[in-house]
Protein chains: 6
Amino acid sequence: MTEASAPAIIRADGRTPDQLREVTIERGWSAHAEGSALISFGGTKVLCTASFTNGVPRWLNGKGKGWVTAEYAMLPRATNTRNDRESVKGRIGGRTHEISRLIGRSLRAVVDMKALGENTLQIDCDVLQADGGTRTAAITGAYVAMADAIEWARGQKFIGQRSTPLIDTVSAVSVGIIDGTPMLDLAYVEDVRAETDMNVVATGRGLFVEVQGTAEGAPFDRRELDSLLDLALAGTASLTELQRAALAASLAAGE
Amino acid sequence: MTEASAPAIIRADGRTPDQLREVTIERGWSAHAEGSALISFGGTKVLCTASFTNGVPRWLNGKGKGWVTAEYAMLPRATNTRNDRESVKGRIGGRTHEISRLIGRSLRAVVDMKALGENTLQIDCDVLQADGGTRTAAITGAYVAMADAIEWARGQKFIGQRSTPLIDTVSAVSVGIIDGTPMLDLAYVEDVRAETDMNVVATGRGLFVEVQGTAEGAPFDRRELDSLLDLALAGTASLTELQRAALAASLAAGE
Amino acid sequence: MTEASAPAIIRADGRTPDQLREVTIERGWSAHAEGSALISFGGTKVLCTASFTNGVPRWLNGKGKGWVTAEYAMLPRATNTRNDRESVKGRIGGRTHEISRLIGRSLRAVVDMKALGENTLQIDCDVLQADGGTRTAAITGAYVAMADAIEWARGQKFIGQRSTPLIDTVSAVSVGIIDGTPMLDLAYVEDVRAETDMNVVATGRGLFVEVQGTAEGAPFDRRELDSLLDLALAGTASLTELQRAALAASLAAGE
Amino acid sequence: MTEASAPAIIRADGRTPDQLREVTIERGWSAHAEGSALISFGGTKVLCTASFTNGVPRWLNGKGKGWVTAEYAMLPRATNTRNDRESVKGRIGGRTHEISRLIGRSLRAVVDMKALGENTLQIDCDVLQADGGTRTAAITGAYVAMADAIEWARGQKFIGQRSTPLIDTVSAVSVGIIDGTPMLDLAYVEDVRAETDMNVVATGRGLFVEVQGTAEGAPFDRRELDSLLDLALAGTASLTELQRAALAASLAAGE
Amino acid sequence: MTEASAPAIIRADGRTPDQLREVTIERGWSAHAEGSALISFGGTKVLCTASFTNGVPRWLNGKGKGWVTAEYAMLPRATNTRNDRESVKGRIGGRTHEISRLIGRSLRAVVDMKALGENTLQIDCDVLQADGGTRTAAITGAYVAMADAIEWARGQKFIGQRSTPLIDTVSAVSVGIIDGTPMLDLAYVEDVRAETDMNVVATGRGLFVEVQGTAEGAPFDRRELDSLLDLALAGTASLTELQRAALAASLAAGE
Amino acid sequence: MTEASAPAIIRADGRTPDQLREVTIERGWSAHAEGSALISFGGTKVLCTASFTNGVPRWLNGKGKGWVTAEYAMLPRATNTRNDRESVKGRIGGRTHEISRLIGRSLRAVVDMKALGENTLQIDCDVLQADGGTRTAAITGAYVAMADAIEWARGQKFIGQRSTPLIDTVSAVSVGIIDGTPMLDLAYVEDVRAETDMNVVATGRGLFVEVQGTAEGAPFDRRELDSLLDLALAGTASLTELQRAALAASLAAGE
């Protein structure tokens, strides 16, 4: 990713600019949920659960289609200094709303609602510990939880044997420009320094689901945008492999 | 934008794919606000006001920097069917939160907070009538209201004569792919049919401030993304001209 | 209204004590609502929309009667200094509640609910700019919006050709005593100085629907009350004429 | 009040049209409040407490003036069928807001805020049992509680011996037209049948503080309005006597 | 209760350690509720109403069982210094929630829900004046109100003549250790000084329904716990007698 | 615990009536909090964090004393069926309030607030997975997190070397009577069947901090209460040992 003759750039945690943090995916973490995964992107840990229920919200009744929705939240001390609970404040903040909606859209992009039938998947992504990239870890882990919940529903015959609600896989990663260098999967200390910050959600086939780029410092040009997109697609390709490997393993006894 | 030999595509309202709707900017609409603009993108009408106050939020006290923040809302009958008021529901929806934050970030990207001094600009964008593109019209109109409020503050000597808080202009436009064709500035009937929907915020110099692309239908590939970005930058360049023309005119007596 | 030999009292804006401000009524302002009017009483501008829907609230189901309800709100920068949004505060203030209820009662007083049938008219009055008398402008404009929505419903055959839900017209005006002189249609600078402030809602036939008089400064006697009522009824008679004229014109193409 | 030759109209509870219900005022009902009164207008029972505190709300700081504010509420089973608690609903209804504001304005009309000094009187009116006229009983009882709290404050030397914060007394009564006859102090069964309903707040000197007339059924004419005002002023004159008698008695040992 | 040779301990209000305050129970206080009681434990006065309605909450539909639920609240000036209303704050505090739940559980413990049939008893306990022990007075008074509401329902034939929904009586009392001495029915000044504070809910047969002991100061040992339980059971036995006596009297004409 | 000649009672999960579930305490689970522990009581898993901050709430300012407060919450899918988030509902439920208050009181009982100095410990207990006894696991784990946070503060010299804010240890366990047999540490399936349910909070020295017994089915007698207290104290003694062992180990590198 860096130019040929330049000295190699090494990040604070020893990574190269185009390297993901260590990613672990612990399937079946929850004894109760139909699907679940505890995912970590380095110091970021997100517990993703997928709750499968028969029936759909009222506005979808009788249309022969299912629904996928998501909620994201952070434990109060997931971060370096404690945040007040949104339940105590009595209102959900804009950031929480925004990320919940992003996760929901990202997952719906790879679900065939007709094949899901009149069933609902409620995804919950709770950040237990935060170190940057919580929304991208959440999407990546939520896909695994959702896949397991769909398999569970197939086992329960809530979804037909020939139905394939999952039409692709989906994962997400953050990218940003720091001191002029595009970097993959920003940790928190990098995120606060980034001039430009982008979250990219892509399918296993390499298509974009969401591209959200923001100039945190100076506005960015087309060339920078292109290099960030390149980097992000390489990252989601790696995450896709990790999701496949996790789902290929047999589920732990916990489930 | 369309391929050479293809028959010209004409949209429902008679526009070509790369054509903006009629845009009008009525400066000084509000008798009370320090800056204001009633902007319309076709049937979308947004009243943007900029309220200038001395002082900053507590967390910025004593840092010698200013602040710009924004709130977006829609009148209940701005849309085809009435929406319940968020004040009556007692909570702000995720969409409102998301757009308010987007407007705030977009405006802050072109403001030099040191030059603004310890002053706050509160932008309000209220959609009086909605026909697609309300957030992009809001950003485009809010810039004009903000520019007038800064001039007002300069007149009041709240901002020094040599300070130039505005380091660039900013505008925004939506683009989307409909039936395979990239189109600029989607009206509501187009927006609901778009496979991919993107909002692009760019500066007068042609740099990106925000790129938010969402696959509403099928995920999109890199080539489609590129064509949407081209179209959007052409659109924001036109909007920049319209902003400049509006600001060049002398302000109506109403202000 | 002033005593014979006294020198003529001229108000800050050049009006005589018994003179209304300039009143304009722009019908069909909203492209979406079944009825709408942008009304101005001098610097006070209120957008009134009437949303017609089939069906009634649950508690009225099956009684063969319709319902009319209203909500009033102010844009945050409608006033000289910005007010926090009630949606952001998460609760509606007492003043907003009080005025919404007043508008609803005033409109219901001239509607024959049986003739309306099991249909609901939801009136929204949003103050775009405030300069005193926002509630009276709202009632006066809401009547026009409501009348248009009823005509629309008749055109749609939701209301029978022989049904006349409107049994009278309704308008409202404020009156007050300033420096001992009763004055009509107070602007904001007058309103804050008034010793006594009264809002009167009356029908086209000159009957009272609401009389709300408040001693802001010193309590008032019977003679003062009487002179205020005289002044108010003259004002609503003029407003009735303006409503009739507005409704007599053919509706603009916008609707 | 009734015409000479007409047969006497007797109301459901045996009263003549111009007769108040039995009114009782129990001063010093609360052991804790600086002033308190349990007032009953027939079956309507309202516990009024006046809490005296040094200091004023922030917006009044340093102006040498005091403040009087009021809150009104109803116990859930004060009425014939139970109402949900506003604390459980998480929001205060419009009616509650409206009445709280009315009580506050009414009391402030007879208080000289300079003489009160930088002190606050918080009035609470809680309806223990409702049978019509709760707001008028609340105002009438609140005056007594407030008078006692001011005496208490004088005893504590929070108010100077020569200061007379109370510049008049205040009481309130409802009037309405039922089957064409104006009647005083409506009980609940009368209130729901009234064509026109008016609440009048007046001082001991017979001046108006508030006049709130509402056409519940048909709009009313000037003659009806006049007869209601006559009736109301006779009622508040009687209530003034009852307040004076109550305050003339020595306070029970409970206080 | 005190050791043989020790000098008798006399409490601030003249009671011995094992003595209840004066308890009064005024049945039928409310003209509207199906059952009601104004109970006082010394200076603590709680108005308890029982509202009987046919039908049950949705989650109990069709199970042939009834439901009993309770809400507790305090008037703002029931206490020595005024508390803000929970309706105004927009949220119910933890203490209120906790006590409401305790009252509901306590009452349900003596009701045979099958015998109650598909009916609901909503109990409201509103503290008019507080001087310690408000929750125990509330439970004790609520039982009486509930018993009367059940008799009312039997009279209305909503409950069969042979059904006996009340399988026992229930009352409650507080106990605490002050300066090393266990004391019964703490007044407020005692409550704040207690090292250990316990609320005991027991049936007329002397069985425990709830035991809630809290070390306010130092943790307590088993012997202290035992002496508190002894004292509490003696207290609830006395309260049971008072409840029986109150219910044996014929109901006042007010009901 | 069972009588000599009776056949041994074995519980669904193979435990004897007086046996705790497997308890694990993972100290230093959170990278950010000053103290933390992931505790499990069988299938119940609670993440406890202790956040140390200098300063105290306003009402304690300048008194030379510290403060300890706690919040409890459950992830939406911690349970067998999903619960709506309290942040989304906009209000905290009674159960959550009640448990948060219990945890706070329990921890404060073993803290010398003078020795803590003007510092605050905010404890957060988030139930990641629930299988009965979440509040008792929370208290037991919270003590460990709090102890580590105090050690951290000592290391930072926020607490003096000679100060010993912890005057005892504290743990908690549930007990209940099932089919007439008292049992220790109920799992969820046992909890729903228990006739009587008691939570006991005790110090390491064996003194009671809280005793909360509730008759879920039939009221209980003194003998049953005594046997539950015996069982609980044996349980908290075992938990005290486990806490000591956990705190004796050196903290993992994660912290």
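A salt bridge is taken here as a side-chain nitrogen of Lys or Arg within 4 Å of a carboxyl oxygen of Asp or Glu. By this rule, 132 salt bridges are counted over all chains of the structure, which is a predicted model.

One of these pairs lies in chain A, where Asp179(A) forms a salt bridge with Arg193(A) and the closest N and O atoms are 2.5 Å apart. The two residues belong to distant parts of the chain, 14 residues apart. Asp179(A) sits in the loop between strand 6 (170-178) and strand 7 (181-184), and Arg193(A) in the loop between helix 5 and strand 8 (196-203). Asp179(A) has a relative accessible area of 60% and is therefore classed as exposed. For Arg193(A) the relative accessibility is 47%, so this residue counts as partly exposed.

A second pair is found in chain E, between Arg15(E) and Glu190(E), with the closest N and O atoms 3.4 Å apart.

A third pair involves two chains. The side chains of Arg222(F) and Asp230(E) meet in a salt bridge at 3.0 Å, N to O. Arg222(F) lies in helix 6 (residues 222-248) of chain F and Asp230(E) in helix 6 (residues 222-248) of chain E, so the pair joins the two chains. Arg222(F) is partly exposed because its relative accessibility is 23%; Asp230(E), at 39%, is likewise partly exposed. In chain A, salt bridges with shared partners join Arg11(A), Asp13(A), Arg15(A), Arg21(A), Asp131(A), Asp185(A) and Glu190(A) into one network.

Helix 5 of chain A, residues 188-191, includes Tyr188(A). Together with Val189(A) and Val192(A), Tyr188(A) makes a nonpolar surface patch of about 310 Å². The relative accessible area of Tyr188(A) is 48%, so the residue is partly exposed.

Helix 2 of chain E comprises 15 residues (residues 94-108), which should span 21 Å at 1.5 Å a residue. The end C-alpha atoms of this helix are 21 Å apart, in agreement with that expectation. The helix is mostly covered, as twelve of its 15 residues are buried. Among the buried residues are Gly94(E), Thr96(E), His97(E), Glu98(E), Ile99(E) and Ser100(E). Also buried in this helix are Leu102(E), Ile103(E), Gly104(E), Arg105(E), Ser106(E) and Leu107(E).

Thr49(A) lies in strand 3 (residues 44-54) of chain A. With a relative accessible area of 6%, Thr49(A) is buried, because buried means under 20%. When neighbours within four places in sequence are left aside, the contacts of Thr49(A) in chain A are with Ser30(A), Ala33(A), Gly35(A), Ser36(A), Gln122(A), Ile123(A), Asp124(A) and Ala145(A). Thr49(A) is also in contact with Arg77(F), a residue of chain F.

Some chains are not in contact. Chain A and chain D do not touch, and their nearest C-alpha atoms are 10 Å apart. Chain C and chain F are also joined by no contact, with their closest C-alpha atoms 10 Å apart.

Notes: Residues are numbered from 1 along each chain as its sequence is written. Chains are lettered from A and ligands numbered from 1 in the order in which they are written. This is a predicted model: local features need pLDDT of at least 70, side-chain atom pairs count only at pLDDT 80 or more; totals for chains, interfaces and linings use all residues. Side-chain values use heavy atoms; hydrogens and water are left out. Patches are made of residues with over 30% relative accessible area and no salt bridge: like charges are joined within 9 Å, nonpolar side chains (Val, Leu, Ile, Met, Phe, Trp, Tyr) within 5 Å. Accessible areas come from the Shrake-Rupley method with a 1.4 Å probe; for residues, only the protein chains shown count as cover. Helices (H or I, at least four residues) and strands (E, at least two) are DSSP runs, numbered from the N terminus. Buried means under 20% relative accessible area, exposed over 50%, partly exposed in between (1.4 Å probe, protein chains only). The expected span of a helix is 1.5 Å times one less than its number of residues. Contact means heavy atoms within 4.5 Å.
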